[in-house]
Amino acid sequence: MILAAALALDAALGEPDWLWRRLPHPAVLIGRAIGALDRRWNAGGHRRIRGVAAIALLATGGALCGWGLASIHWSVEIVVAAILLAQRSLAGHVAGVAQALRSGLPRGRHAVARIVGRDVDDMDAPQVARAAIESAAENLSDGVVAPALWFAVAGLPGMLAYKVVNTADSMIGYRTARHGAFGWASARLDDIVNWGPARLTA
């Protein structure tokens, strides 16, 4: 019931710019918390252990925030869950590329460059369209399927904990000199929590 209402609310309203110009988006707040721990704990020895402690603290904090918000009222739970879903924004990105492509290949390339990490300069029109669709498919699990699944499993605490883990992986889960050890736990945990959703969208 609550999940269905959240999905419907996200489909209807998406991400209202007027709201997030005035308030920090939950993803921004999560990113700030991850960045703060990265700056303070990702130094010196035992970085892998520090990284394990960091993601444990972050995920627990996300779950507790979810529990607190859900305990206020079911309407709050619906709104927060809708904010953490991204079905309308994903569809909007693809539609934006399609609309830009109708105005010409240069505009299509410019639009798709905003949602993919590859070089778009040599793409023809079918490649631009395919890249947009592939990007949406790749983000379907992280943005819609996995959050919805974790909400179904553990309510808003599970959904918020998932978003924390997923965001941490995108920020520190890289095999670089700085994050190879500190971000190891975040990357592994993200693989685990996305295993089921990834199979559903494969």
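## Terms and model

Helices here are DSSP runs of H or I with at least four residues, numbered from the N terminus. The model is predicted.

## The largest pocket

Helix α8 supplies 10 residues to the lining of the largest pocket, the largest share. This pocket has a volume of about 570 Å³. Its lining is made of 24 residues, and those closest to the centre are Ala86, Asp142, Gly143, Lys163 and Asn166. The elements that give two or more residues to this lining are α3 (26-41), α5 (74-84), α6 (87-102) and α8.

By class, the lining of the largest pocket holds 11 nonpolar, 9 polar and 4 charged residues.

## The second largest pocket

The second largest pocket has a volume of about 330 Å³. Of its 14 lining residues, Pro26, Leu29, Ile30, Cys65 and Leu160 are the closest to the centre. At least two lining residues come from each of α3, α4, α5 and α8, and α4 gives the largest share, 5 residues.

The lining of the second largest pocket comprises 12 nonpolar and 2 polar residues, with no charged ones.

## Aspartate 169

Aspartate 169 belongs to helix α8, which covers residues 125-172. Aspartate 169 is buried but has no salt bridge; arginine 188, the nearest side chain of opposite charge, is 6.4 Å away. Apart from neighbours within four places in sequence, aspartate 169 contacts Tyr174, Ser186, Ala187 and Asp190.

## Leucine 64

Leucine 64 sits in helix α4, residues 47-70. Its relative accessible area is 54%, so leucine 64 is exposed. Its C-alpha atom is separated by 23 Å from that of tryptophan 195, 131 residues apart along the chain.

Definitions and conventions: Residues are numbered from 1 along each chain as its sequence is written. This is a predicted model: local features need pLDDT of at least 70, side-chain atom pairs count only at pLDDT 80 or more; totals for chains, interfaces and linings use all residues. Side-chain values use heavy atoms; hydrogens and water are left out. Buried means under 20% relative accessible area, exposed over 50%, partly exposed in between (1.4 Å probe, protein chains only). Lys and Arg count as positive and Asp and Glu as negative; His and the chain ends are not counted. A salt bridge is a side-chain nitrogen of Lys or Arg within 4 Å of a carboxyl oxygen of Asp or Glu. Contact means heavy atoms within 4.5 Å. On a 1 Å grid over the protein atoms alone, a cavity is a set of points where a 1.4 Å probe fits but cannot get out, and a pocket is an open set with protein on both sides within 12 Å along at least five of seven lines; lining residues have an atom within 4 Å of a point. Grid points are joined across faces, edges and corners, and a volume is the space filled by probe spheres set on the points. Ala, Val, Leu, Ile, Met, Phe, Trp, Tyr, Cys and Pro count as nonpolar, Asp, Glu, Lys and Arg as charged, and the others, Gly among them, as polar.
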